[in-house]
Amino acid sequence: NANKLQVEFLGEYNATSGEILIDPFEDTTCTSGTLATTCYLNATYPYSNNETINGTGSLVIQDRGAISNGNNNQSVTINFRNITILSGGNITGGNITVNVNNLTINSGAMISATARGYAGGGSAENGFGLGNGSGGSSSGGGAGYGGLGGRAGGSGGAGGIVYGNELSPTDLGSGGGGGNNVIVDRSGGGFIKINVTNNLVLNGNILADGVNINTSSGGNGGGGGSGGGINIVVDTLSGSGNISANGAQGEDSTTNRGGGGGAGGRILVNFSSSTYTGTVTASLGRGGTGDLGAGVNGGAGTAALYDRTSNSINIYSGWQFFDNWNYTNLTINSASNIRTLNNTIINATNIIIQNSVWTNETATYANITLNTNSFNLTSSNITMNPKNIINIYGTNGTSSLARTIIMSSSSRINSNQLVN
């Protein structure tokens, strides 16, 4: 380990010169075993900020075993051939990088950066991070990241901005703004980067949620922290576990104003093949309730599974399209915050939109062009917010299967033949 050196002298040592031989794999990280063979861990190993843990063998984190740092935004890099995290084991911290050939996360196990991102603000103070929520003379605004943070209730603080990259998340979540007299943890989620050369079997959890705030008994509520970032690159993905970077709810107030909700974070899982059936969410945090004014919900973050073999993407929670996008298959699945800029062009052989809300971030009309052979609206309801014009072009498309398309009077769909 780069930060620890243990030298043991056996017997007398009176020489004035000579050599000290140090075994690089003798380390205090393991409860038993070695980093060169199999390292077993059934207690907490408290890593130091910017520490690198190198092993040429396997790591097994057992029940009650952990690699952990309880402070915000503390970095660790973990390199092994194979890592298995058994039920009750975890890797927890603010900025986690894992490089491994094979990774197994069993049910009841986790890699977590929840509440380990940028900290929230103190009383009436701004939170920290690029999308920090503003503190207010009354209630605090929610933090932004993959979506906008929610404004606080009444005349409270503003919500935080959108930042980062949908296709390559690298940032931590931001902290919510403080209310004027209520101080609780409002941290955002941290960042998790996982590089798996071969197989990731996920039946547990990979989490980077903002911290959820307890209901206030009085005073003005603080804003929720935003979800963090999760970036996974793997060859083969399987399992039925959970991946989340959810925003935290704004703080409720029983007598005053509620805090703004935190935005969802950003998730991108990039794989070559997959049988994964779990859930992927970057959900918004709701605004806090308040007798004198409720906080506004945060915006949904961005979350997607990308199949690089077939150039296909499945989008959840939210996304922002701009300029030109090219996919073989594009699926938008139960997403509450699909955003577009003007003159966006999406080229895809097959497009499926299911139970989603398509919005527009420009003040004027947004022209969205879909070039596709097959366009399917397969949910009961599609909501299209104001000032969207979607132009659909194709030759062998199918008819709409949607029961209801809810459109503003200023939105419309133009099609040469794909939508009836």
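**Rings, cores and bridges: a walk through a predicted model**

Okay, let's start with the rings: ring pairs join Tyr 306, Trp 319, Phe 321, Phe 322, Trp 325 and Tyr 327 into a cluster. A quick word on rules: rings of Phe, Tyr and Trp (its six-membered ring) pair if their centres lie within 6.5 Å, and planes under 30 degrees apart count as stacked, over 60 as edge-to-face and the rest as tilted.

Before I go on, this is a predicted model, where local features need pLDDT of at least 70 and side-chain atom pairs count only at pLDDT 80 or more, while totals for chains, interfaces and linings use all residues. Residues are numbered from 1 along each chain as its sequence is written, and side-chain values use heavy atoms, with hydrogens and water left out.

Back to the rings. How many aromatic pairs does a search of the whole structure find? Six. Take Trp 319 and Trp 325: their ring centres sit 6.3 Å apart with the planes at 70 degrees, so this pair is edge-to-face. Phe 322 and Trp 325 are edge-to-face too, at 5.6 Å centre to centre and 85 degrees between the planes.

Are Trp 319 and Trp 325 buried or exposed? Both are buried, and buried means under 20% relative accessible area, with exposed over 50% and partly exposed in between (1.4 Å probe, protein chains only). Trp 325 comes in at 8%, whereas Phe 322 is partly exposed at 32%.

Now the cores. A nonpolar core here is a set of buried Ala, Val, Leu, Ile, Met, Phe, Trp, Tyr and Cys residues joined through side-chain atoms within 4.5 Å. In soluble globular proteins, nonpolar side chains tend to be buried together. The largest core in this model has 46 residues, and Ile 67 and Ile 243 have the most contacts inside it. Several strands each supply at least two of its residues, among them strand 7 (75–85), strand 9 (95–105) and strand 11 (191–202); strands are DSSP runs of E, at least two residues, and helices are runs of H or I, at least four, numbered from the N terminus.

Look at Ile 243 on your screen. Leaving out neighbours within four places in sequence, its contacts (heavy atoms within 4.5 Å) include Leu 202, Ile 232, Val 269 and Tyr 276. Apart from that core lies another, of 19 residues, including Tyr 306 and Trp 325.

Next, salt bridges: a side-chain nitrogen of Lys or Arg within 4 Å of a carboxyl oxygen of Asp or Glu. The count is four. One of them pairs Arg 64 with Asp 63 at 3.2 Å, N to O; Arg 64 is exposed at 63% and Asp 63 partly exposed at 41%.

Then there's Glu 166 with Arg 266, whose closest N and O atoms are 4.0 Å apart. Glu 166 is in the loop between strand 10 (110–112) and strand 11 and Arg 266 is in strand 15, so the pair ties together parts that are 100 residues apart in sequence. Both of these residues are buried.

Asp 252 and Arg 286 make another bridge, at 3.0 Å. Asp 252 is buried at 8%, but Arg 286 is partly exposed at 33%.

Last stop: the model has one disulfide, meaning a pair of cysteine sulfur atoms within 2.5 Å. Cys 30 and Cys 39 form it, 2.2 Å from S to S. The torsion about that S-S bond is about -120 degrees, so the disulfide is left-handed. Both cysteines, Cys 30 and Cys 39, are buried.
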